[in-house]
Amino acid sequence: MDVIIRPTAESAEALAAQIIADALKAKPNLTLGLATGATMENVYHKLADMNKKGEIDFSLCKTFNLDEYVGLPAEDRNSYRYYMNFHLFDRINIDKRNTHLEDGMAADLEAECARYEEMMEEAGGVDLQLLGIGLSGHIGFNEPLSSFSSRTRAVNLTPVTMAQNGPYFDAAKGEKMPNRALTMGVGTVLDAKKLLMLVTGKRKADIIAKALEGPMTSMVSGSAIQLHDDCTVIVDEEAAAKLTLKEYYHSAFANDPKWAKYR
Ligand code: PGA
């Protein structure tokens, strides 16, 4: 695993966007695994800017998102389909038919999850999976005790996650956060060829230290990335506050030739 500490959230987001852009330039028919959440918004806006300037082309790119709420239609402003359209897909030259999220409105959720896994397999698997981490330690919506071999399935959201995402739902307008979601499993995520995790802000300092430097445990789903042999984690200084090997991460980034173009 490579851990890269950037001085600010903005510089961490810019680096994540640049790594994704370079992967797309190297493989125009890239299959990208995408994540939602506040952390990713600027990454998507930066990718959209690069697309607008003609620096990157999404016309052959396919995408699969990690997760979607159960019971929210695409047009609901809190659905992850809505988020993806708003922050990325409507701003770039991607063919929407190549963009995939689980359908949280499906009558048969189990069949929907099996269909999603099949589609990923037919696409040849995910080349590069973007990840955040939640305060519960989740990647996707894999809450504590998710098996490291879990696949796409319906899950129940923890009180920590309900508290983290609840504020996005406007109760005055009758909006209610679902307490269930469909998510790629931890095993599904680990099948991606490369993982790119982005974590910013001081409220994430404890959980990211547990995930990266703590023992691997299903109590912290994010710790499963320690099993992946091609994994880059970008954190800003605030999120890095509790990491014990900070000096080592800084010197590795400063010296390793593979990071030369990003320094
Ligand atoms: P955030 O969500 O980017 O809104 O912090 C990340 C997550 O919960 O995975």
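The questions and answers below concern a predicted model.

Me: How many salt bridges does the structure hold?
Reply: Side chains of opposite charge can pair when their charged atoms come close. One network of salt bridges links Asp22, Lys25 and Lys261. For the structure, the number of salt bridges is 16.

Me: How many residues apart in sequence are the parts that Glu10 and Lys46 tie together?
Reply: The side chains of Glu10 and Lys46 form a salt bridge, at 2.5 Å from N to O. Glu10 belongs to helix H1 (residues 9-26) and Lys46 to helix H2 (residues 41-52), so the pair joins parts whose separation in sequence is 36 residues.

Me: In the salt bridge of Lys173 and Asp170, which class of exposure does Lys173 fall in?
Reply: The N to O distance in this pair is 3.8 Å. Asp170 is partly exposed, at 26% relative accessible area. Lys173 has 61% relative accessibility, so Lys173 counts as exposed.

Me: Which residues is Asn165 in contact with, leaving aside its neighbours within four places in sequence?
Reply: Asn165 is located in helix H5 (residues 159-165). With 8% relative accessibility, Asn165 counts as buried. Apart from those neighbours, the contacts of Asn165 are Tyr69, Tyr80, Phe141 and Met177.

Key. Residues are numbered from 1 along each chain as its sequence is written. This is a predicted model: local features need pLDDT of at least 70, side-chain atom pairs count only at pLDDT 80 or more; totals for chains, interfaces and linings use all residues. Side-chain values use heavy atoms; hydrogens and water are left out. Helices (H or I, at least four residues) and strands (E, at least two) are DSSP runs, numbered from the N terminus. Buried means under 20% relative accessible area, exposed over 50%, partly exposed in between (1.4 Å probe, protein chains only). Contact means heavy atoms within 4.5 Å. A salt bridge is a side-chain nitrogen of Lys or Arg within 4 Å of a carboxyl oxygen of Asp or Glu.
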